[in-house]
Amino acid sequence: MRPEPFALLMTVYGGDREEYVRAAFQSAVQAQSLRPDQVVLVQDGPVDAELGRCLAELVASSPVEVTFVQLADNRGLGPALDAGLQASRYDIVARMDADDVAMPHRFRLQVPLVVNGADLVGAGLLEFGTDLDDIVGRRTPPSDPHDIARYSRLHDPFNHPTVVYRRSAVIAAGGYGDLPLMEDYWLFARMIANGARVENVAEPLVYYRVGDGAYERRGGRALLRSELRLQREMRREGFISQPQYVRNVVVRGGYRLVPTLIRRPVYRWIVAPYGARRNRSRLHDTAVGDHAGSRAARPREAYAPRHSRSPAAEPKPTTDRT
């Protein structure tokens, strides 16, 4: 029995390469064991003739309906995705970047999780270089909802190119908005604060392309400005405390300014494998609890968004630092 219908949301802009766009589209549509019912393809501003022909061919040859949204000017990723969400005919929406490759079983694994009650589902990914045989890294997200919520106060707990979500939950949180380079993190933080039910599939479901300059793009003054704006917004909304704000500015802001030779190993050794460490820890705790007959018998306290907590339930500052 086919689950609830869903849309695939892709954006393309003038800097995308024609061969990457074709590969991404084919992997997320033709090659999927569960195909989307609609593709929303957003052209974010002018593109060259070659990419324009590619997009026209993809629309004409697609085995599923394509809604082609053309924006006259390049608005940036956040506004382009918001425009695409408005064009979706379905509440379940799967994201796909225009230079990545989806594994054939991606939607068959993720879409049922949304159908069964999740508002936002992410997954792990494999980073690749020249081709899919050139695997250079792996990002494993935290899979436990409590870990996801806690980690979101320091780092984006979702790999944006892998997410599937409820359009209604995204809109209820205010949509992507226009926070360049940080729009996805800010959206997911607001969704968590809004009470969205979140999950991550730990296994990789997307091949993520990391070409030359991938780690250079994780730093620089432009990204630092967006980082500082993000932290101010999260502090203003009460998603993070003042001590967490200071920590994030120092840690995340410093990460944007250090040389790439330092940024690369920090990301590879500390940031990317965080979820794998937490997931292993959860499995170990569960096994110990089962053996002892105590920890597993007690239900884990659910994460409560800060804005919904009563004063009596608000944690003390000394315990609210993760």
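## The largest nonpolar core

Of the 37 residues in the largest nonpolar core, those touching the most other members are Leu9, Leu120, Tyr165, Met191 and Met234. A nonpolar core is a set of buried Ala, Val, Leu, Ile, Met, Phe, Trp, Tyr and Cys residues joined through side-chain atoms within 4.5 Å; buried means under 20% relative accessible area, exposed over 50%, and partly exposed in between (1.4 Å probe, protein chains only). At least two residues of this core are supplied by each of strand S2 (38–44), strand S3 (65–71), helix H3 (77–87), helix H5 (145–151), H6, H7 and helix H8 (221–236). Helices (H or I, at least four residues) and strands (E, at least two) are DSSP runs, numbered from the N terminus. H7 gives the largest share of this core, eight residues. Apart from it lies another core, of 32 residues, including Leu8, Val29, Ala118 and Val164.

The structure is a predicted model, in which local features need pLDDT of at least 70 and side-chain atom pairs count only at pLDDT 80 or more, whereas totals for chains, interfaces and linings use all residues. Residues are numbered from 1 along each chain as its sequence is written, and side-chain values use heavy atoms, with hydrogens and water left out.

Helix H7 (residues 183–193) is mostly covered, with 11 of its 11 residues buried. Among them are Tyr185, Trp186, Ala189 and Met191. Leaving aside neighbours within four places in sequence, Met234 is in contact (heavy atoms within 4.5 Å) with Tyr185, Trp186, Ala189, Phe239, Ile240 and Asn248.

Asp119 is found in the loop between helix H4 (106–115) and S6, and counts as buried at 11% relative accessibility. The C-alpha atoms of Asp119 and Met191 are separated by 8.8 Å, although these residues are 72 residues apart along the chain. Beyond its neighbours within four places in sequence, Asp119 has contacts that include Tyr165, Arg166, Met191 and Arg197.

Most residues other than glycine have a negative phi. Leu181 is not a glycine, yet has a positive phi of about 75°. Leu181 is placed in the loop between helix H6 (167–172) and H7, and is exposed, with a relative accessible area of 51%. H7 is followed by Gly195, whose phi is positive, near 90°.

## Aromatic rings and arginines

The structure holds four aromatic pairs. Rings of Phe, Tyr and Trp (its six-membered ring) pair if their centres lie within 6.5 Å; planes under 30 degrees apart count as stacked, over 60 as edge-to-face and the rest as tilted. One of the pairs, Phe128 with Tyr207, is edge-to-face, at 6.4 Å centre to centre and 85° between the planes. Phe128 lies in strand S6 (residues 120–128) and Tyr207 in strand S9 (residues 198–209), so the pair ties together parts that are 79 residues apart in sequence. Phe128 counts as buried, at 2% relative accessibility.

A charge sits over a ring if NZ of Lys or CZ of Arg is within 6 Å of the ring centre and within 35 degrees of the ring normal. Arg209 lies over the face of Tyr20, at 3.5 Å from the ring centre, and Arg139 over the face of Tyr208, at 4.4 Å. Arg139 belongs to strand S7 (residues 135–139) and is buried, with a relative accessible area of 11%.

## Confidence

The predictor's confidence in each residue is given by pLDDT, from 0 to 100. The protein averages a pLDDT of 85, and 77% of the residues score at least 70. Over residues 294–322 pLDDT stays under 50, and the model has 42 contacts beyond four places in sequence for these residues.
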